[in-house]
Amino acid sequence: GINAEYGELTTEVSKLREISETAFSELKKNELQFTTSVKKLKTTEIQLDEALMKMRDLQTKINDLEEEVVRERSRAFELEQRINSPPVMSFENIDNLSNLSSSPPIAAPDFIPDRVFCDNCDVFDEHDTEHCPIGTSPGGVRHGGNRGLSGRPYCTVCEMFGHTAEECEDDMTF
């Protein structure tokens with residue numbers, strides 16, 4: 001009885017220990033595989049993040065290059081228009097300028113008035129000789145004669161104001 005039962009229980013405990021040790025060994029092996037898989041997953045996640053950053057940088061560069069291409073195409077189109085718009089001139093059609101239908105009309109230059117100069121005062125753009133305050137009497141009537149030049153020395157050798165012929169250093173004669 002009891003010995004037989006004890007033997008059966010001992011055999012069963014041995015089998016259970018063997019099963020437990022096998023299960024424990026499998027658990028350790030699975031734990032090691034899990035840890036290795038987690039490390040690989042973290043490494044892969046880091047690589048994925050780096051790849052995404054590179055992809056964003058490349059997309060930014062692509063966008064910049066696309067914008068540059070659009071600008072350069074626009075510039076090339078403008079330059080092509082400028083090249084194609086002026087008429088081709090040759091000696092044959094210089095006399096027939098009115099026959100050039102592709103040439104834009106040539107605008108007349110704007111009128112640029114002459115500068116005003118006063119002979120009495122030797123100044124530009126303030127007033128002309130006719131309206132000079134030096135050459136006009138208090139009543140506003142212009143008198144003939146020296147026109148206000150009596151106080152200014154004039155050189156008859158070099159024909160310049162500021163000195164007389166006796167003071168002239170000009171060696172050349174005209």
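Which helix holds both Glu 26 and Lys 29, and how many residues apart are they? Both lie in helix H1, which covers residues 2-84, and they are three residues apart, about one turn of the helix. The views below all come from a predicted model.

**View A. Glu 26 and Lys 29 pair up in helix H1.** Their side chains meet in a salt bridge, with an N to O distance of 4.0 Å. Glu 26 is partly exposed, at 38% relative accessibility. Lys 29 is partly exposed too, with a relative accessible area of 45%.

**View B. Glu 72 and Arg 75 form a salt bridge.** Here the N to O distance is 3.7 Å. About one helical turn separates the two, because they sit three residues apart in helix H1. Glu 72 counts as partly exposed, at 36% relative accessibility.

**View C. Asp 125 forms a salt bridge with Arg 115.** The closest N and O atoms are 2.8 Å apart. This pair links distant parts of the chain, 10 residues apart: Asp 125 belongs to the loop between E2 and E3, while Arg 115 belongs to the loop between H1 and strand E1 (117-118). Arg 115 is exposed, with a relative accessible area of 55%. The count of salt bridges in the model comes to four, including the ones in these views.

**View D. His 127 sits in the loop between strands E2 and E3.** Strand E2 spans 123-124 and strand E3 spans 154-155. Is His 127 buried or exposed? His 127 is buried, because its relative accessible area is 15%, under the 20% cut-off. Leaving aside residues up to four places away in sequence, His 127 touches Val 116, Phe 117, Cys 118, Cys 121, Cys 132 and Pro 133.

Notes: Residues numbered from 1 in each chain as written. Predicted model: local features only at pLDDT ≥ 70, side-chain atom pairs only at ≥ 80, totals over all residues. Heavy atoms only, no water. Helix = DSSP H or I, 4+ residues; strand = E, 2+ residues; numbered from the N terminus. Buried < 20%, exposed > 50% of the residue type's maximum accessible area, 1.4 Å probe, protein only. Contact = heavy atoms within 4.5 Å.
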